Amino acid sequence: MLKQVVFSCTLFFTVILIPLGQAEPLIDDPLIGDTELLRQQRELFVKAEYAASRGRLPEYRLLLQQLGDYPLTPYLELKRLQQVGYLSNEERVLNFLDNYKNTPMDWQLRQVWLTYLSRNDEKARFVRDFQPPGSVANQCLNYRYQLDLELTPTDAIYRAVDHLWQNGNSLPKACDPLLESWQQAGHRTNELIWARLKLAAEGGNHTLIPYLGRLLPESMGYLADHYHRVRRDPANVRHMRYVTGAFPEHEAEIITYGLSRLIWRDPDRAVGLLQNLPATINLSAEQRIYLYQRFGVALSSKNHPGADEWLAKLAPDEHNDSSLQWQLASWARTGNWQALIEFVPRMPVVTQQYSVWQYWLARAYAETGREAQALPIFQALARERHYYGFLAAARLQKPHSLAREAINYEPEEIAALRERADIRRTYEFLQLGRYLSARREWNQLLPKLDGQQQQLAAVLAHQWGWYDQAIFTLGQLGEYDAVNVRFPQAYRSDHESYAERVGIDPNWAFAISRRESAFRFDAHSPAGAHGLMQIMPRTAEYLERKPLSNQQLQHVPTNIRLGTSYLAELRGRLGNNWVLATAAYNGGIYRVYEWLPEDPMAVDRWIETIPFRETRDYVKNVLAYQQIYRDLRGGDTSVFAELMPMEISRAAAGR
C-alpha cells in the first residue's frame with residue numbers, strides 16, 4: 001500500500017545535540033536505531049578521534065572496541081591511515097580505498113597516499129591508484145608517469161595535455177616536466193599559446209600575459225603587449241597605433257574585448273570608438289553581435305538615451321538572455337506594446353513559450369484592446385505555479401494554482417534507505433553538528449541513488465530538519481510539485497512571533513528565509529551575510545546598536561528577529577510598500593531610491609525594469625514564495641490581487 005509523505009508533529013522526537021548557533025536541534029530519527037546507545041557511541045567516537053590524533057594508541061584501541069558497529073568508525077581508520085599510510089601498510093590503504101570508493105573518505109585518503117607515492121617516485125603505484133579527475137597536479141603526474149613507463153600512446157597523452165594547457169591561470173609546478181616534454185615534441189603551437197593568452201587576458205591571471213607573449217614569435221609580441229594594456233585599462237583600446245594590421249583576426253579579438261569592457265566604464269567613448277573603427281579593423285559578424293548585446297545591456301542598465309538604438313540592431317534570434325530582458329524592460333517602461341506584439345512571433349519558438357514572454361505578450365494585447373487574444377494566454381499561465389502564473393490569475397480575478405503533489409513511497413523503501421551506511425554516516429555527522437562532513441557524504445551518496453531513492457532521501461532530510469538539502473535535492477531532480485517539502489514551515493514559531501511583533505506578514509518572512517538560505521541556519525555569503533535571513537554584520541550593528549558575532553547572527557531566533565525588524569524598517573522607509581522593501585532587502589535601499597520612477601508605473605512593469613538581474617529575480621521569487629506560504633498556512637487571500645492596483649513612483653514611496 002502506498003504511503004503519502006506526512007510530517008506529523010506527533011512523531012517521537014529526542015534532542016541529541018544542539019550545535020552552536022542553531023535554535024533547535026535537528027530532529028532525531030527514532031527509526032535509525034537505539035537513541036541511548038547512539039548517544040554513548042557519539043561520545044566514544046569523539047574521544048577516540050582525540051586519542052588517535054594524539055597517538056595514544058592503547059586508549060584508541062580500547063575505545064575502538066567499545067564503539068562496535070558505530071557508523072562513523074571508518075573515519076577513525078581513515079585518520080590512522082592518513083598518519084601511517086606507508087608502503088608497509090599498503091594492503092590496508094588499498095583495502096580501505098576499495099571499500100570506501102566514491103565516498104568522501106576515498107579522496108581524503110587517496111590524496112595523502114598519492115602525495116606519498118609521488119615523493120617516493122613510486123610511479124607504477126601512482127598510476128595504478130590515481131582516479132580521475134583528481135587535482136591538476138595529480139593529473140600532470142599521472143600523465144608524466146604514464147609517459148615514463150610507456151603505458152599509454154604518446155599522442156593520446158599529449159592530446160590530454162593540450163586540454164590541460166587551456167587554462168587562464170598558472171599551472172602547478174608538478175606540471176612543468178610534462179609540459180616540457182609536450183613542448184619538445186612540438187605540440188605547443190602558436191594557436192594554443194594565443195588561446196591561453198586570450199584566457200589569461202579575459203578573466204584569468206593577467207600576469208601570465210607577458211610570459212605567454214614571450215613564447216609567441218617576435219612578430220606577434222605586440223599583440224600580447226596590447227592585450228595586457230587593454231586588460232589593465234580598457235580605455236587603452238583607443239590607441240590604434242598599436243594595431244598594425246599584421247594579424248587582423250587577433251587584433252579584432254583585442255578590440256572586441258576592450259570595447260566590451262569600456263562600454264561599462266565610459267559609454268560615450270566606447271560608442272564613438274565602435275562607430276569610427278578604422279577600415280583596417282574587420283570585426284566578424286559574431287563579434288559585432290556580441291558588442292551590440294553588450295552595448296545594449298550596459299547602456300540600458302545606465303538608463304542611457306542611446307540604449308534602444310543598440311538593442312534595435314539585434315534581430316530577435318541574435319539576442320542573449322540579458323539583452324532580451326533589457327529589450328522587454330524598455331518596452332514595459334515606455335509602454336511600447338505594439339513593438340512587443342510584433343517582436344514575440346519573430347523570436348525562436350522555444351523562447352516565445354517562456355512564461356515571461358507569454359505574460360507580457362498577453363499584457364500587450366490587453367493594453368491595446370485585444371482582450372480576446374490576451375484571455376487564452378492568461379488562462380494558460382494561471383494554471384501554472386510561478387510568478388507570472390500568479391500574476392495572470394490575479395488579472396483574471398480567478399483562483400491561482402498551487403499544483404502540488406505528495407511524494408508516494410512504499411514503507412519498506414524508506415526503511416531500506418535508512419539502513420544504508422552512507423545515510424547513517426550523514427545522519428551521525430548531523431547529530432554531531434559537523435555539517436560540512438554531512439554535506440560531503442550527502443553529495444557523494446546522491447549520484448548512487450535512482451530517482452525514486454533521491455526523492456526519498458529528500459523526504460528523510462526534511463524529516464530530520466535538514467531543510468536546505470531537502471529543497472536542493474528536489475530542485476536538482478526537477479521535482480517541483482512536492483510543495484510541502486520544497487516550502488517547509490521551518491522554525492515556524494520564530495517566524496510567526498517576530499513577524500507579528502513588528503507588524504509584517506509572516507508569509508513574507510518565510511518567503512525571505514526560503515529565498516535567502518533555503519532555511520540553512522549556518523549559511524554565509526561571500527559578501528559576509530549570515531544565517532537564515534542573511535543578515536550583514538553592519539545591518540545587525542545598526543539594528544542592535546552594538547556589533548554581533550557570526551555565531552550570534554547564525555542563532556536562528558536572533559537572525560529571524562533581526563531580519564523581520566529590518567524588513568519592517570525598510571517597508572516604513574519606502575511608503576509602507578512591501579514590494580519596494582523586498583527589493584531593498586536584496587539590492588539596498590539607496591539603489592531602490594534611484595530606481596523609483598517620477599511618473600506612477602504599474603508594479604509588474606516596475607519589477608521588470610529593475611536594473612539588477614539578481615534583485616529583479618529575487619523580488620519575483622519572494623512574491624511567488626509569499627503566495628505559496630499564504631496558501632500552505634491556510635490563507636484565503638491572494639498576494640497578487642493586492643498587487644493589481646499598486647503603482648510605483650517616487651511620490652508613493654515618500655521621496
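Of the 20 residues of helix H37, 16 are buried, so this helix is largely enclosed by the rest of the structure; buried means under 20% relative accessible area, exposed over 50%, and partly exposed in between, with a 1.4 Å probe and protein chains only. The structure is a predicted model, in which local features need pLDDT of at least 70 and side-chain atom pairs count only at pLDDT 80 or more, while totals for chains, interfaces and linings use all residues. Residues are numbered from 1 along each chain as its sequence is written, and side-chain values use heavy atoms, with hydrogens and water left out.

**The chain as a whole**

- The secondary structure comes to 38 helices and 4 strands; helices (H or I, at least four residues) and strands (E, at least two) are DSSP runs, numbered from the N terminus.
- The C-alpha trace spans about 80 × 75 × 55 Å along its principal axes.
- The chain has 655 residues, of which 51% count as buried.
- Among contacts (heavy atoms within 4.5 Å) between residues at least 6 apart in sequence, 61% join residues at least 24 apart.
- Carbon and sulfur atoms account for 48% of the accessible surface, which comes to about 30,400 Å²; such areas come from the Shrake-Rupley method with a 1.4 Å probe, and for residues only the protein chains shown count as cover.

**Helix H37**

- Helix H37 covers residues 613-632, and its end C-alpha atoms are 28 Å apart, which agrees with the 28 Å that its 20 residues should span at 1.5 Å a residue. The expected span of a helix is 1.5 Å times one less than its number of residues.

**Helix H8**

- Helix H8 (residues 154-165) has 12 residues and reaches 16 Å from its first C-alpha to its last, close to the 16 Å expected.
- The buried residues in H8 are Ile157, Tyr158, Ala160, Val161, Leu164 and Trp165.
- Seen down the axis of H8, these buried residues fall within an arc of 155°, so they line one face of the helix. The arc is that of the directions from the helix axis to the C-beta atoms.
- An α-helix has 3.6 residues a turn, so residues three or four places apart point the same way.
- Exposed residues Arg159 and His163 are carried on the face of H8 turned away from its buried side.
- The packing partners of the buried residues of H8 are helix H7 (136-149), helix H9 (176-184), helix H10 (190-201) and helix H11 (208-215).

**Arg125**

- Arg125 belongs to helix H6 (residues 123-129) and counts as partly exposed, at 27% relative accessibility.
- Leaving aside residues up to four places away in sequence, Arg125 touches Leu87, Glu90 and Leu117.
- Arg125 and Ile504 are 379 residues apart along the chain, and their C-alpha atoms are separated by 64 Å.

**Backbone features in loops**

- Most residues other than glycine have a negative phi, and most peptide bonds are trans.
- The peptide bond from Pro132 to Pro133 is cis, with omega near 0°; Pro133 is found in the loop between H6 and H7.
- Gln397 has a positive phi, near 55°, although this residue is not glycine. Gln397 sits in the loop between helix H22 (387-396) and strand E2 (408-409), and is exposed, with a relative accessible area of 74%.
- Gln534, also not a glycine, has a positive phi of about 50°. Gln534 lies in the loop between helix H30 (506-517) and helix H31 (537-544), and counts as buried at 13% relative accessibility.
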